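Reader: I'd like to walk through this one together. Could you show me how to read its features?

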Amino acid sequence: MPPLLKTAVRRALVSQPMATAYHGRANGFGALRLAFALAVVLSHTAALGFGRPLLHRVDLGALAVAGFFTISGFLVVGSARRNSVPRFLWHRALRIWPGLWVCLLFTGLVVAPLLYLDRHGTVDGLWRSPGGVLDYLRQNWWGGLRQFGIADLLRGDTPYWHWQGGNTLNGSLWTLAYEIYCYLAVAVLAALTVLRRQLRWLTLLAVVAVFGVLCWNHLQPGAVVWTSGAIGPLPMLGTLEKTYLLWYGFMFLAGGAAELYRDRLPMNDLLGALALGTVGWLAARGDFVGPGPNAADGAFFAPALLAYAYAVLWLAVRLPTMLHRVGRDNDYSYGVYIYSFVVQQVLAKIGLPALGVAGFFLVSALLSLGLAMLSWHLVEKPALRGKDWTPPGLREPSGDPPGESGPTGEGGPPPGPRPEPGRAADVERNPAAAPAAG
């Protein structure tokens, strides 16, 4: 047997725990997040530019978002274990809101006036009228998407309108409410000490329970356990559809459980290849479409979600070393996600679909990446520099010995549980882990 093949076979048969395979920031999570963001752009290329789905057997955008939630669950739970609950929430707020706020202001104060001026020859009535810019900003300021459009800006002017009747300016933002909901759930679990080693089995039990619901809904014709209706409206977040919360919440839970059990979760190349093959096979059959109305009638097969979550984590530790630099210092995935939809709507309105699917995707991806770079360097990264800020009233006296400034002080190790044996201490040295965009 050739040496190269022998090495590959030996590696495929040998397992190592995630705690050993995963080396802090030397991983492929950044590359995966950027790939998922671009996959969403590609999926929206067909919908926004040509008024049709990209693929009929699989919802590429939904799968990309599910991958985001898996990564987010793994990294965010790790962050919660290393920090106090207030510090954890502060990190999450810095990561998601500054970029979102600037994106909303860009949409409402730059894009909307230009489109409105082109349609009406004036901007009178754009600002304070019902459904105008001020309503758009107020409704969407805290995440999620309560108001989809502004005035009549895209009414009748885009392929998406003719396909779905959508006047939506930035449809990508709707998943942020689900992401924030997951953050808050993690904060509650951390406050209840459920994320500690002694109680981590409760999170695993939750994964098993939700997985059982998903399997039941698939195997029992007509079963609609938590797949119809909504919860809310919740403060700040608005209304959350149960089916999306079930789908993406499970992926977040799976990622979080993987972090909690990283000392026991085996990373094996054979299992990774089988997981990828399972997902690909079910996607080709049309059994892995995505959440929404199709979820209730068996359009996705629940075990594929578990295989997909494992595949994402396996790829994170097995992608080539040269890809580990992607997103490590400059993470553009969040910016690509939150800006790409509005970019593609504007391009569709001015006739860029004439370039064809490939041309439309390339132009929109490049423009979205450019805006993402500006967002990262001018907004997101500067905001993250405040991650160690502590309110003056909570700071310890400056006379404390170095490294002993208390649970929320600016010296010493991060508050919260210390890393366990066999556990990397720098899973997320800065809170730049991108939110699970979708």
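Author: Let's start with a cut-off: a residue counts as buried when its relative accessible area is under 20%, and as exposed when that value is over 50%. Take lysine 349: its relative accessibility is 18%, so lysine 349 counts as buried. Keep in mind that this is a predicted model.

Reader: Which residue does the side chain of lysine 349 meet in a salt bridge?

Author: For a salt bridge, look for a side-chain nitrogen of Lys or Arg within 4 Å of a carboxyl oxygen of Asp or Glu. Here the partner is aspartate 157, at 2.5 Å from N to O. The two belong to distant parts of the chain, 192 residues apart: lysine 349 is in helix α13, and aspartate 157 sits in the loop between α6 and α7. Aspartate 157 has a relative accessible area of 31%, so call it partly exposed.

Reader: Lysine 349 also turns up among the contacts of leucine 115. Where is leucine 115 found?

Author: Leucine 115 belongs to helix α5, residues 85-120. With 7% relative accessibility, leucine 115 counts as buried. Besides Lys349, its contacts beyond four places in sequence are Leu153, Leu154, Leu169 and Val346. Leucine 153 is 38 residues away in sequence, yet the C-alpha atoms are 6.1 Å apart.

Reader: How many salt bridges does the structure hold?

Author: There are 12. One of them joins arginine 95 and aspartate 331, at 3.6 Å from N to O. Arginine 95 is in helix α5 and aspartate 331 in the loop between α12 and α13, so this pair ties together parts 236 residues apart in sequence. Arginine 95 is buried at a relative accessible area of 1%, and aspartate 331 is buried too, at 2%. Both take part in a salt-bridge network along with Arg33 and Glu380.

Reader: And how do I read a helix, say α8? Which of its residues are buried?

Author: The general idea is that an α-helix has 3.6 residues a turn, so residues three or four places apart point the same way. In α8, the buried set includes Ile180, Tyr183 and Ala187. The buried residues of α8 pack against α4, α5, β3, α10 and α13. As for its span, α8 has 16 residues and reaches 23 Å from first C-alpha to last, close to the expected 22 Å.

Reader: What follows α8?

Author: Threonine 193, and its phi is positive, near 65°.

Methods: Residues numbered from 1 in each chain as written. Predicted model: local features only at pLDDT ≥ 70, side-chain atom pairs only at ≥ 80, totals over all residues. Heavy atoms only, no water. Helix = DSSP H or I, 4+ residues; strand = E, 2+ residues; numbered from the N terminus. Buried < 20%, exposed > 50% of the residue type's maximum accessible area, 1.4 Å probe, protein only. Contact = heavy atoms within 4.5 Å. Expected span 1.5 Å × (residues − 1).
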